Amino acid sequence: RERRPFPLNNITTVYLLFIFWMSVTSLFALSPPEMVLARWVFVLKIHLMLLVTLMLIRGREQIERLIWVVTLSIGFYGFKGGIWTVIGGGSGRVWGPAGSMIEENNALGLALVMLVPLMYYLYRVSSKRLVRFGLIFLVIATCFSILGSQSRGALLALVGMAFFLALKSTRPIQMSILLGALLIGAMLFMPESWSNRMGTIKTYEQDSSAMSRIYAWKTMWALALDRPLVGGGFESDNLAVYALYAPERVGDYVGGAVYVAHSIYFQALGEHGFPGLILYLLLGLFTWRKASKIARQAKDDPELASWVPLLMRMVQVSLAGFAAGGAFLSLVYFDLPYYIVAFVVLVDATLRERGKSTLWGKPTANQIASSHTP
């Protein structure tokens, strides 16, 4: 009964086009039809719930409830993993929930990186002291959980996210010192085995895991060059594709195995061609620009200044973390980044439908009439 019109803007237009294009590429996929159909249904289910969300959620209260649900549902694993990392002295490896898209340690680490800015937002807007203390503890535990995942990609994403978080905060210098101290302290706590693993970032040419990623990227690139419009479709990480497009070797690394794309960029490119990659990148770019515009225009409005600019900046920080860490993971279909995008769409739709004349033009006659209805 409270369904609202679908919020149509440049973000949602690109989003719908991306869903449509994934459906088009499925018709030309190289994998067996039953595998492609199963994956297409799986992905469409994810986006169906996102489309429903965009037509149901409006207003600060509902948006913040959604932020709480998103943050705590995955943040639980940051809380649990952080405590486990500290108790175990950092010797083990933190994994995500079994059977989920973030089951792998690398994927969980990146998901938690994206949540830290949302935790900071909730901390800033919460008025209850106990809730604020709980969120501080959750941020610290989550940082330990990210390090405990022993994911090199998540570490790079964490550092990049922390840089943008300090940059986008109201007190950049103080925040830089605080975050720097937290990260350095947490890293010093981790054992030597962790430091040795993270140190392989500098010598990736000698690491088989890193070279297998480059091997997969070259394969996806060759696939895209041969099929630039439609790529290989869903489930392109199969024997047939690698037999056709994989290089014989990358440096000293000899191929022969089949790997996932290990990059959101090469995954979008390899599975959906150059149009798919362009649409995927435009979705992030338009969201970033819209967030900047909303934050800039809302800062002088007394009703909005207390939450909208901060939320828009934290969305940008989350996207920056995902853009950095996603370069090493196949998470194009993971729903968390799309919910981050949805926060911007929902804020924009809320303000448009309420007729904030100082920000989005003059209100309509219906909006004026409804504003005087008791």
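Reader: Hi! What is the handedness of the crossing of helix 5 and helix 7?
Author: Helix 5 and helix 7 cross in a right-handed way (the near helix is turned clockwise from the far one by less than a right angle). Helices here are DSSP runs of H or I with at least four residues, numbered from the N terminus. This is a predicted model, where local features need pLDDT of at least 70, side-chain atom pairs count only at pLDDT 80 or more, and totals for chains, interfaces and linings use all residues. Residues are numbered from 1 along each chain as its sequence is written, and side-chain values use heavy atoms, leaving out hydrogens and water.

Reader: Which residues make the contact?
Author: Helix 5 brings Ile140, Cys143, Phe144 and Leu147, and helix 7 brings Leu182, Ala186, Met187 and Phe189 (contact means heavy atoms within 4.5 Å).

Reader: And at what angle do helix 5 and helix 7 pack?
Author: Helix 5 (residues 129–148) and helix 7 (residues 172–189) pack at about 50 degrees, with axes 10 Å apart. Axes are lines fitted to C-alpha atoms over the stretch in contact, and angles run from 0 to 180 degrees between N-to-C directions.

Reader: New topic: what about helix 2 and helix 13?
Author: Helix 2 (residues 33–56) and helix 13 (residues 335–353) have axes that come within 10 Å and cross at roughly 20 degrees. The two are therefore roughly parallel to each other (angles under 35 degrees count as that).

Reader: Which residues of helix 2 meet helix 13?
Author: Ile46, His47, Met49, Leu50, Thr53 and Leu54 do, and their partners in helix 13 include Tyr338 and Leu346.

Reader: Is that crossing left-handed or right-handed?
Author: Helix 2 passes helix 13 in a right-handed crossing.

Conventions:
Angles under 35 degrees count as roughly parallel, over 145 as roughly antiparallel, 65 to 115 as roughly perpendicular and the rest as oblique.
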